[in-house]
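Here is a short briefing to read alongside the model. Please have your viewer open as you go.

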Amino acid sequence: MEILEFITANIPAAVCLVCGVALVGLEFFLPGFGLPGISGIILIIVGIFLGASSVLEAVILIIIVLAILGVLVAIALKSATNGRMAKSNLILSDELDRESGFSSVSDLEYFMGREGEVITTLRPAGMADFDGVKLDVVSEAEYIDKGEKVRVIAVEGRKILVRKI
């Protein structure tokens with residue numbers, strides 16, 4: 001009779017632990033830290049407190065579970081960087097680089113050396129028109145009035161440096 005009472009008393013704890021571990025495992029394959037991970041952690045903690053006979057035993061079990069989860073995370077990260085998981089579709093391996101034709105900013109090198117007209121006063125930043133294309137530009141630290149002619153002398157990413165002609 002004592003064994004039956006022990007088993008029936010620990011069924012809720014076992015269900016909480018199994019469901020919690022399953023939800024934390026599901027979180028490994030879903031992006032972000034969302035509802036499955038948080039719910040799984042809560043269920044694991046509740047399951048430990050339901051199954052433990054004292055608070056000290058519960059704390060020790062939580063430390064053991066955290067150590068096991070830490071080892072599992074380390075294994076998953078190692079697999080993600082250079083193991084089987086690195087070769088799966090779960091990990092993005094393609095690079096979007098300049099050699100492949102991708103760029104994070106517009107290629108403004110095209111405007112290097114071109115001449116245009118200032119459409120707002122440059123103090124030192126403002127706008128200029130280059131053959132119908134309006135661009136944000138910066139002068140070489142000088143004040144340039146609206147309507148003046150300028151030439152592009154440097155392009156650094158999105159920054160276009162101009163000089164008065």
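Which residue of strand 3 is the bridge partner of F130? The partner is V133. This is a predicted model, in which local features need pLDDT of at least 70 and side-chain atom pairs count only at pLDDT 80 or more, while totals for chains, interfaces and linings use all residues. Residues are numbered from 1 along each chain as its sequence is written, and side-chain values use heavy atoms, with hydrogens and water left out.

**Strand pairing**
- Strands here are DSSP runs of E with at least two residues, numbered from the N terminus, and two of them pair if DSSP finds at least two bridges between them.
- Strand 2 (residues 125-130) pairs with strand 3 (residues 133-139) in the antiparallel sense, over 6 bridges.
- Their hairpin has 2 residues between the strands, and D131 takes a positive phi near 50° there.
- Strand 3 also pairs with strand 5 (residues 159-164), in the parallel sense and over 2 bridges; V138 has L161 as its bridge partner in strand 5.

**Nonpolar cores**
- A nonpolar core is a set of buried (under 20% relative accessible area, 1.4 Å probe, protein chains only) Ala, Val, Leu, Ile, Met, Phe, Trp, Tyr and Cys residues joined through side-chain atoms within 4.5 Å.
- The largest one has 14 residues, and F130, V137, V150, V152, I160 and V162 have the most contacts inside it.
- Strands 2, 3, 4 (149-156) and 5 each give two or more residues to this core, with the largest share, 3 residues, coming from strand 4.
- Another core, of 6 residues, lies apart from this one and includes V24, I44, I48 and A58.

**Around V152**
- Leaving aside neighbours within four places in sequence, V152 is in contact (heavy atoms within 4.5 Å) with F111, M112, G113, R114, F130, I160, L161 and V162.

Methods:
Helix = DSSP H or I, 4+ residues; strand = E, 2+ residues; numbered from the N terminus. Buried < 20%, exposed > 50% of the residue type's maximum accessible area, 1.4 Å probe, protein only.
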